[in-house]
Amino acid sequence: MNGRAVRPKLLGAAFILLAQYGNGAWVPPLLVDRRAALKLGVASVLTLRPQTDLEATAKTSDPKVARIAYGEREEQFGDLWLPGVPRDAPLPVVALLHGGFWQHEYDLRLMDSIAAAVTAHGCACWNIEYRRVGSKDGGGFPDTFADVSAAVEWVGSPSARDMNLDARRLVVAGHSAGGTLAMWLALQPLLPATCGFGAPAVRPRAAVSLG
């Protein structure tokens, strides 16, 4: 498993989903698997250009990247990627979740190429790190799930709003173990509050599993 296994063109699905889901009341999110992502990724509706241009566009972009803590634990942080050219309107957000067999040796750098592609298309990208199995500060259930939930909640925080992020237009996307987490986050609002994970304030409009 390596970063090359995650093709940036698959994120075309996320762009399409962001365009389809606007403001309004939350509805059960659209879930997209790898096969559907490939089918949807023919073109990006944000740019109306063939999806094959995505990687070339990313190479010429100059995104701004900031590492931000969403919690107090060592691995509760993410890299926020913003387009190099500022936009006046609030930015739609693609939250990325890396894979790696749930193991500590794999980290968020696996998704850097995806993050660059997302920002090249005018979206913000929140590339999330979380505690994995083998982390010195926890990992596994429930720590991993608590971390990714807290990371998504950060998108609705005052700090995120100050950075011009639009939590109402959020898509979560992940690869391998991260794909499982993305699907779980999308369905989290349906969980009972008594389980400790119910009633999140930030609710993804869609989730994409990249395989």
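This is a predicted model: local features need pLDDT of at least 70, side-chain atom pairs count only at pLDDT 80 or more; totals for chains, interfaces and linings use all residues.

Student: OK, and in what sense do β6 and β8 pair, and over how many bridges?

Tutor: β6 pairs with β8 (residues 165–174) in the parallel sense, over six bridges. Two strands count as paired if DSSP finds at least two bridges between them, and the strands themselves (E, at least two residues) and helices (H or I, at least four) are DSSP runs numbered from the N terminus.

Student: What about β6 and β7, how many bridges there?

Tutor: β6 and β7 are also joined in the parallel sense, with five bridges, and Leu96 has Asn127 as its bridge partner in β7. Together with helix α4 (residues 112–120), β6 and β7 form a right-handed β-α-β unit; right-handed means that, with the strands pointing away from the viewer, the path from the first strand over the helix to the second runs clockwise.

Student: Why is β6 described as largely enclosed?

Tutor: Seven of the seven residues of β6 (residues 91–97) are buried, so the strand is largely enclosed by the rest of the structure. Buried means under 20% relative accessible area, with a 1.4 Å probe and protein chains only. Leu91, Val93, Ala95 and Leu97 point one way from β6, whereas Pro92, Val94 and Leu96 point the other way, and all are buried.

Student: Back to Asn127: is that one buried or exposed?

Tutor: Asn127, which belongs to β7 (residues 124–128), is buried, with a relative accessible area of 0%.

Student: And what does the side chain of Asn127 reach?

Tutor: A polar atom of the Asn127 side chain lies 3.0 Å from the backbone oxygen of Leu108, and a polar contact of 3.5 Å links the side chains of Asn127 and Asp112. A polar contact is a pair of N or O atoms within 3.5 Å; within protein, one must be able to donate a hydrogen and the other to accept it, and residues adjacent in sequence count only if both atoms are side-chain atoms.

Student: Switching to the whole chain, how many helices and strands are there?

Tutor: The protein chain has seven helices and nine strands, and buried residues make up 51% of its 211 residues.

Notes: Residues are numbered from 1 along each chain as its sequence is written. Side-chain values use heavy atoms; hydrogens and water are left out. Buried means under 20% relative accessible area, exposed over 50%, partly exposed in between (1.4 Å probe, protein chains only).
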